Amino acid sequence: MKLRPPVLRRLAFAAGAAILALAPTAVLAADAPPPSKVLSRYETAAAGNVVSRDCGYSTKAPNTTNQALWIFCDSAWSGTSSGFWLGVTAAIGPYTAGQVPTTLTEIPTPTAPINAPSNRPPAGLLPVPTGLVLPNGANCQVPGSSYPASWASGVAAQPSGSARVLIPYADVCVHGGGITAERYGLVEYNPSTNTLSGQKQVFSSTSQLPFQKILGSPIFSGGFLYLFGYNCDSQAFGACGSGRVTLARVSATASSWGTGSNYRYWTGSAWSADHNAATSILPGAKPLAVHAENFGALGKGFVIVEQTDIGGNFRVWRSSSLTGGWSVTRTGTAPCGDQQGLDLCRAYFGHPALSTSSNLLMSYYDPANDHVNVMAVPW
């Protein structure tokens, strides 16, 4: 099932009882070497069980030793169960650095207990947004024609021993004329209790939000929450000729990040309350999409994976500072196939927990198998 248009969207768009109750067999993951598909137990439980999905953000689950939380976008499944969810689904399971997880447990809709390991099918994590509109002002929900969805744009474990992760998302209206991102928000999620809390609508509009306010790739650093926006200003023949990758920050507290007026944007020399003053942190940026993560634990600093065209090409940028000093350290091409129409190779995300000092493990969506795959990119 081809789920939705890819790079045309302007999104940077990533412990306790339920996890501690994992059976010992769940820890002995049958991981696979890259390149491989990220698989859940539902997919391997019976012949013919299939899940088609994209995105694929991950973070180490709080207060665990080897559990990773995965956040996906639209998902469709068939086999012993069939269905689809236009929005965020999630899975959790063990991981091994340098390997691709293949025994994830699909997370049920909050607040049902996870009870991992389990062979259950996917389920929606975030509720369907209401109040979104088509460009003509009509309701976005038109069966067979348009639909509203909340799409995640990253995930990050909160600092200071918190049991929660932070998920930025955009509320979008998907319609025949394209995709309109009308809201940017944040929600906290506790994987140990499978509960959502603190959902905040930070920016909103009755039309397309400016790209500087469609934020993703959350990074906690030095008492601040940093988020990224991007825009391709000049696009031709399926490639971005030039564009911008912008940086926003806000104090790393729920009371601060839920209010839009608290956000500041990097101008190249200072932080400004004016999103229009934001300048690109990447020299010569060509972003059809970007994803940023902190790989400091591996000695690699901050890393941005930038998709530059619709053919699978990407650039890996690294810096010891979020505001500057970025340089390209690796280029490559994701091994995608069967690209047709708008169903293209996309969603290039780096994974600190899976990566090693030798290889960046990067996930991507491959149209040939309608799935999230992971490849190894030498540093």
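User: What makes strand 22 and strand 23 count as paired?

Analyst: Two strands pair if at least two bridges are found between them. Strand 22 (residues 359-366) is joined to strand 23 by eight bridges, so the pair meets that cut-off. The two strands run antiparallel. At one of these points, Leu361 has Ala376 of strand 23 as its bridge partner. Note that this is a predicted model.

User: What lies between strand 22 and strand 23 in their hairpin?

Analyst: Four residues separate them. Asp370 sits in the turn, with a positive phi of about 50 degrees.

User: Which other strand pairs with strand 23, and over how many bridges?

Analyst: Strand 1 (residues 36-37) does, in the antiparallel sense, over two bridges. That count meets the cut-off of at least two. Ser36 has Val374 of strand 23 as its bridge partner.

User: How do you know whether strand 23 is enclosed or open?

Analyst: Look at its residues. A residue is buried when its relative accessible area is under 20%. Six of the eight residues in strand 23 (residues 371-378) are buried, so the rest of the structure largely encloses this strand.

User: Why is strand 19 called mostly covered?

Analyst: The same label, buried, applies to five of the seven residues in strand 19 (residues 313-319).

User: What are the partners of strand 19?

Analyst: Strand 18 (residues 302-307) pairs with strand 19 in the antiparallel sense, over six bridges. Strand 20 (residues 327-333) is also joined to strand 19 by six bridges and runs antiparallel to it. Val316 shows both links. It is the bridge partner of Val305, and it stands opposite Arg330 in strand 20. The hairpin of strand 18 and strand 19 has five residues between the strands, and there Gly312 takes a positive phi near 105 degrees.

User: Why are 26 residues grouped as a nonpolar core?

Analyst: Such a core is a set of buried nonpolar residues joined through side-chain atoms within 4.5 Å. The largest one here has 26 residues. Among those with the most contacts inside it are Val172, Tyr184, Phe203 and Trp257. Several strands each supply at least two of its residues, including strand 9 (165-175), strand 10 (178-190) and strand 13 (224-236). Another core, of 24 residues, lies apart from it and includes Leu69, Cys73, Tyr169 and Tyr189.

User: Which residues does Tyr184 touch beyond its sequence neighbours?

Analyst: Leaving aside those within four places in sequence, its contacts include Pro168, Lys200, Phe203, Leu227 and Tyr263.

User: What makes up the lining of the largest pocket?

Analyst: It is lined by 19 residues. Thr59, Ala157, Glu293, Asn294 and Pro352 lie nearest the centre. Strand 2 (50-60), strand 8 (156-157), strand 12 (216-221) and strand 17 (289-294) each give two or more residues to the lining. The pocket volume is about 430 Å³.

User: How does that lining divide into nonpolar, polar and charged residues?

Analyst: It has 13 nonpolar residues, four polar and two charged.

Technical notes: Residues numbered from 1 in each chain as written. Predicted model: local features only at pLDDT ≥ 70, side-chain atom pairs only at ≥ 80, totals over all residues. Heavy atoms only, no water. Buried < 20%, exposed > 50% of the residue type's maximum accessible area, 1.4 Å probe, protein only. Contact = heavy atoms within 4.5 Å. 1 Å grid on protein atoms, 1.4 Å probe; cavity = no way out; pocket = protein on both sides within 12 Å on 5 of 7 lines; lining within 4 Å. Points joined across faces, edges and corners; volume = space filled by probe spheres on them. Nonpolar A, V, L, I, M, F, W, Y, C, P; charged D, E, K, R; others polar.
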